[in-house]
Structures are given as structure tokens and as C-alpha cells.
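User: I would like to go through a model and ask what the terms applied to it rest on. Please show it first.

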Amino acid sequence: MPGRRATFWALALPPTLWLVAFLLAPLLLMAALSFRADLRGGILVPWTPTLIQYERLFGEGTYWGLLEVSVLLAAVVAVVATALAYPLAYLLAFRAGPRAGILLILLLVPFWTSFLLRVMAWKFMLGSEGLINSFLGFVGLIEEPITAILYNRNAVAITLVYVWIPFAMLPILAALQRVDPRLFEAAADLGSTPLSQFRRVALPLSMPGLLAAFFMVFIPTVGEYVTPLLVGGSSGSLYGNIIQLFFTQGTNYTFGSALSMVMLVGTVGLVILGLRLVQPRRFVGAEG
Amino acid sequence: MAALSSAVPPRIPARRRRGVPFLSAYYVGLLTLLYLPLAILVLFSVNANTSLSFPLRGLTLDWYGQLLEADAVIRSARNSLVVALLSSVAATALGTGVALLVVRFQFRAKAVLLGLSVLPLIVPFIVLAVALFVLFRAAHIDLSLWTIAIGHTVVALPYTVLIVLSRLIGFERNLEDAAMDLGASYPATLRLVVLPIIAPAMLAAALTAFTVSFDEFAIALFLAGPDQTFPVYLYSQLRFASRLPIMIALGVLLMAGTLTLLFAADRIRRLR
């Protein structure tokens, strides 16, 4: 069929060219820069590959330490957001009845509003002249503003958990909606208590959704640099902030590229590992 | 929003309605927490003072009035709109192409094409942002609204591919076979049979891409030239406390606009 062949190329060429030009090329260019000593002569010139940037990255403890902190913070935020989102998904999937649709919309509305403005709203609440402090001062409960709740990593983590809860709920809800409610009845008929029904039916079957939720929060959080800029202050910066600095103020594209490559390889590696873990078949029929 | 219509589960026997009071209280508590910042923003936008602290000095609509004369603010919102429209159209067109290829054609590089299209889902935005930034520097392309739109198209593509793909998988090939048996060429079949079927999914994909772009900051900050989008402009104005209420007033209006759009889209989809 000649029409089909022409259609194939008409459909295939634009996305292929697009992905090569604006996804593959930039990532490869970044990879190439990370193996250069410096940018002498411009970006597109021949050069001798060197590992000097990576030696510096792994040699100086500060970068590696910051990466560990960022990965840890992202993991904590992802676990907490997923855990807090689970009861919401459970309510919507099994207990909300016909009101589930409207209850879901209400949860998602904040997620559709500006990320930057929501993060700023936390700043207005937590700041030393913010709502909480000025209210407590106004009613005379405190003399000095409480400063422990803004401009540190705790503030970054709290804000991010808040931002991600509705997002983390979606994959869990999708997984729970696929669970056949008759499984609970069968378990109950066989003498299972409500708690063990949850532990042995709902939880194992929602495992793929839980892992999806974890990664959907972990990946954006590990590369986060905006929230630390707004509520993190000088002690709250993350690995992403260092990358941002090397490409803006302290211009050093080669070292910044090496930092980015480590983050890219790390996250993609983690996701592949995660996908290996959640081969859905493993969870069906587990625990007899 | 695609999940909304399927979110209503079958009725549950009464004996299984345990734990509802606890879960309901939890839901209400979290919902309050989620809406608190939004309420604060609305309060800030009608607050007579430029800083939000107790006691409040009084309420005013002045900030909304001043908004009409704040050209730079309005222009940034217009820029956001242009970028979101461009990237939404591009991502939907490219994503539909990828989805059609994956479901309806056999070719060797299929896994590579699909993998590359959804790769941005697992690449942190800061990495994509700096990679594109370096690419544009190397190619001597000046940063502008176009470069932001390119970046947003890349990150919106996974969503458009997956949304159209799930719709295509859901419907039978029989209709296409029937059309071709009756003498329609393949391009005509695509246009007259497949396109109408996936049109709602394409609309949903376009809306998703639009909202992804409209609010995006991490990539836009790196790829913005002299013309800034609303989040980038907002960020640049944070240092000036006196400008803040106007920005937030616009933010509240944009929020209201986005929500109206999304609810309208949901309604349209249900009418079909």
C-alpha cells in the first residue's frame, strides 16, 4: 500500500527529527562537555577527552555530600507524600461511593494552580513577618518571631510534601480502582479481619501504584532547585541549586555538565531498577 | 482529569463501610491544608497593606484596578499564553504521530521511539533545562519565547503520547479495516475514521500540555530571553515588595481562568 508507506514517513519524520534535535542532541552535547577540561575555543570544537571534571566532583566531598542530602531529602519527601496520599486514594476508591468524582476534583484543584504562587504562600505563612508569627505576636503568645520554620531544609521538605500529595494520590488511586471489590468479600467470607484484608489484599495489589507514586515524586524532587530558592535560604540549597549556579552566575559549563550527568545517570538508573522491582505479575497471586 | 468519569466505584455493601469517619476526617483535614495557601493568596490580593501580617489594615480592590495599567505584568501573562498555546499544539501533533506509529505500524525502532518520547518523564527538569540552554548557546540561537516553547514541548510530549496512546489501544481496528475494504486510501482512513475517534483524547492531551507549560518555571527560567513568561517575571519581581500584591492579584485571576478552562473541558468531554 503506497498510501500507508507515505503516511508512515509523514508521521515518523517530525517526531523523530524533533526528539533528535531537542532531546538527544542537548543531552549528548552535555555529556560531551562533561568530558572536557574547559571551553577554550568555543563549544563546538575538537577536544581531548578527560575525566578531570568527574575527578573534581568525586574528589571534593561537598558535591557528593550535597547529592546524598538531595537524594535522601527526595526519598523522604516521596515516602511521606505517598504515605499521606494513600488514605485519600483508599477513601476515593472504596469508601466514597458516588461522591468520589467531586472529592477527587476538590483535591486536584490546588494542583492546577500556580506552583510558584503556592510555594510563596507558604513563605507568607511561615516567614518571620508572616501570618503565623504576626498572629502569635498580635495575640501576645510570642515576643520574638519563630524563625525555625523558614529558610532551611525542613521548610523545603514540608513545602514539597504539601505540593506533591495530590499528584502522588493519582497512581495509587488508579491501582486501587483496578482491585475487584469481590476480593474483599471473599477474604471476609474466609474469616479475614478488616486489617488483614487491607494488608493481604489491598496493599499488595496497590504496590505498582505505590512505586509509581514514589518515583513520580522522587524524580522531580531530586532535581528541584526552585523551592530551595524560595523557602530554603542559604542553608537549604540542594544539588539542583549547584547545577543552576554553574550555568548562571559562576559560569562553568563543563563542571556543571558533569554534575548534571551524574544526576541524569543516577535517576535513569534508579527508575530502571524500580521498573525491575514492579513487574506487576509478581504481585498478583502473591501470599496465596 | 481523564480519571474522573471512571472514579465512581460500584456500591459497597454496608458491612464494608468501616473506617469511614476516620478517613473522612483525614480527607477534610488535608483538604483544609491544601486550600490554606490559596486562601492566603486571595486574602493577600485584597489586602490594603503590601505585606501580609496581623492586624490587617483593611480590604481593597485597588490591586486589581492597578493591574489594568501594569503593562509589564500583563505582557508576561500574554507571553505565557503564547508559549503554552505553541507548545500545546506542537506536543499534541507530535504526540499523536508517535501514538499512531506505535499502535498501528510495525517497525524496528518502535521501542526506541516510544522510549525517547517518554524519557523526559524521568529526566529531572534542571538537567533538561541546562542541556537545552547549552545547545542553544552552541547553535547561536538567541533565547526567546520560541526557545521556552521548544523546552515545554519536550516535557509535554510524554503526556500527549500516553493520553492519545491509551485511547488508540482502547478501540478496535475493525473500523479502519472496514473503511479500507470500502475503498478508502490509508490517509483518508486516518482522516475520516481514526482522527474523529481520537479527537477527544487529542483535546485532553492539548489541555494537559497547555497546563504543563503555562505554569512551568524551572525550564523557562533558563530558556527565557528578554521576553519573560508570567512565572519567570513573577520570580524576578519577588524582591520588590511593593509590586507583589499586583502580581498576586494577576495570579489569582489566572488561577480562576485555568480552573474555569479545566471544568469547561471536563463538561465538554462528558457531553459527548
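User: What share of the 272 residues in chain B is buried?

Analyst: This is a predicted model, in which local features need pLDDT of at least 70, side-chain atom pairs count only at pLDDT 80 or more, and totals for chains, interfaces and linings use all residues. Residues are numbered from 1 along each chain as its sequence is written, while chains are lettered from A and ligands numbered from 1 in the order in which they are written. In chain B, 41% of the 272 residues are buried. A residue is called buried if 20 or more other C-beta atoms, placed from the backbone, lie within 10 Å of its own.

User: What makes up the secondary structure of chain B?

Analyst: Chain B has 11 helices and zero strands. Helices are DSSP runs of H or I with at least four residues, strands are runs of E with at least two, and both are numbered from the N terminus.

User: How many residues of chain B are in contact with chain A?

Analyst: The count is 76 residues of chain B, against 87 residues of chain A. Contact requires the C-beta atoms of two residues, placed from the backbone, to lie within 7 Å. Helix 1 of chain B gives the most to this side, with 14 residues.

How values were computed: A residue is buried if 20 or more other C-beta atoms lie within 10 Å of its own, exposed if 12 or fewer, and partly exposed in between; C-beta atoms are placed from the backbone.
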